[in-house]
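User: Please examine the following model with me, taking one local feature at a time.

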Amino acid sequence: MTRSSSTVAVIGAGPAGLMAAERLAQAGLRVIVHERMPSVARKFLMAGRGGLNLTHSEPLAPFLNRYDAAAQARIKEWLEAFSPADLIAWVEGLGQPTFVGSSGRVFPKAMKASPLLRAWLARLDGLGVEIRTRSRWTGWQGEALTFDTPEGERTERADAVVLALGGASWAKLGSDAAWVPALEQAGAAVAAFRPANVGFDVAWSPLFRERFAGTPLKGVALTHGGGTVRGEAMIAAYGIEGGGIYALSAGLREAVEHNGSTTLTLDLRPDLSVEALTQRLSKPRGKVSLSNWLRKTARLDGAAVALLREGDPLPTEPAKLAARIKGVVLPLSGVQGLSRAISSAGGVALAAVDERLMLKARPGVFLAGEMLDWEAPTGGYLLQASFASGVVAAEGVRVWLGGR
């Protein structure tokens with residue numbers, strides 16, 4: 001490969017930044033990656049602790065509907081550049097076989113991020129990508145980039161820059177949004193960061209909190225604002241969290257911020273109709289306790305039965321009891337903050353970058369990943385768009401440098 005004399009600085013070594021670095025190096029450019037933390041991709045590794053959900057196997061139309069409406073048109077362009085199928089092929093090209101889970105989510109068979117990251121870093125090393133850790137970008141000095149390093153402040157010049165600095169969640173892993181003033185000074189509009197994929201506050205009774213915090217509610221259906229998702233929720237000491245909650249978190253957050261509170265409806269037996277459940281509950285209970293009877297008759301575990309008891313007394317009439325099981329109303333009184341959020345909404349407005357993700361106010365500077373203003377639920381959607389935006393930004397750099 002003929003190496004270009006052009007140098008590209010990639011700032012931020014998460015999925016978007018490393019993907020941009022790989023594509024740029026494959027195009028023959030000299031690439032230097034700067035990462036403020038002592039090691040790369042810390043949030044990526046954290047995401048893989050419970051099984052690395054890379055992407056989702058569903059068709060493009062429902063896939064796109066997972067993203068906030070304002071960003072869907074732009075993200076469609078990213079996915080056309082780097083689709084879920086492309087991501088799967090890329091992972092398997094690194095020697096990490098994948099599989100599709102029962103929910104349609106795609107995972108590496110190793111179910112961890114670390115083997116994939118090791119293979120990826122080996123590939124980047126083979127491509128000549130230089131990675132500098134503990135190198136925190138602090139802004140511009142004229143046309144030069146400034147960095148805070150263990151050796152002191154450094155200035156460097158690059159022919160193009162990819163900023164992939166993350167959003168504002170998980171600050172301890174590197175996403176602290178400290179870059180906002182520099183981007184605003186450069187003329188970019190930056191929307192305030194808000195928590196996404198986050199839990200919500202519920203005023204549990206002390207007994208319920210003590211007994212069931214950390215207990216999952218499996219196979220439930222959750223409804224808010226006309227939207228319903230099937231999934232799992234997790235009872236937390238402060239309230240409720242989990243994949244099903246995260247899928248609705250944008251609408252829940254907006255409602256709580258606007259009204260001060262909102263309500264979430266849980267169907268504890270979504271596989272049964274009210275009529276079928278009523279028929280089951282019409283059988284004589286005998287001397288069996290109500291809790292045991294609900295476990296056997298309605299197949300509700302202890303946490304679900306206790307949840308039914310939170311608030312108003314349980315009705316005894318079968319149809320009303322069935323209706324309660326199918327429609328537990330949960331008042332949500334607050335939103336957990338950015339420090340507990342998996343991701344964030346907000347960031348640099350998509351209108352501030354062109355179709356190749358170059359910052360309109362500063363030509364030659366490209367943005368990728370969660371520092372842009374878009375949001376998506378967990379389930380592979382966050383990672384897919386982050387990887388894809390890195391591909392788009394890298395192609396933008398290549399075209400821009402070739403046209404200068």
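User: Which side chain makes a polar contact with the side chain of glutamate 58 at 2.7 Å?

Analyst: This is a predicted model, in which local features need pLDDT of at least 70, side-chain atom pairs count only at pLDDT 80 or more, and totals for chains, interfaces and linings use all residues. Residues are numbered from 1 along each chain as its sequence is written, and side-chain values use heavy atoms, with hydrogens and water left out. A polar contact is a pair of N or O atoms within 3.5 Å; within protein, one must be able to donate a hydrogen and the other to accept it, and residues adjacent in sequence count only if both atoms are side-chain atoms. The glutamate 58 side chain has such a contact with that of arginine 66 at 3.0 Å, and the partner at 2.7 Å is tyrosine 381.

User: Is glutamate 58 buried or exposed?

Analyst: Buried means under 20% relative accessible area, exposed over 50%, and partly exposed in between (1.4 Å probe, protein chains only). The relative accessible area of glutamate 58 is 16%, so this residue is buried.

User: Which residues of helix 6 are buried?

Analyst: Helices are DSSP runs of H or I with at least four residues, numbered from the N terminus. An α-helix has 3.6 residues a turn, so residues three or four places apart point the same way. In helix 6, the buried residues are Pro115, Leu116, Leu117, Trp120 and Leu124.

How values were computed:
Helix = DSSP H or I, 4+ residues; strand = E, 2+ residues; numbered from the N terminus.
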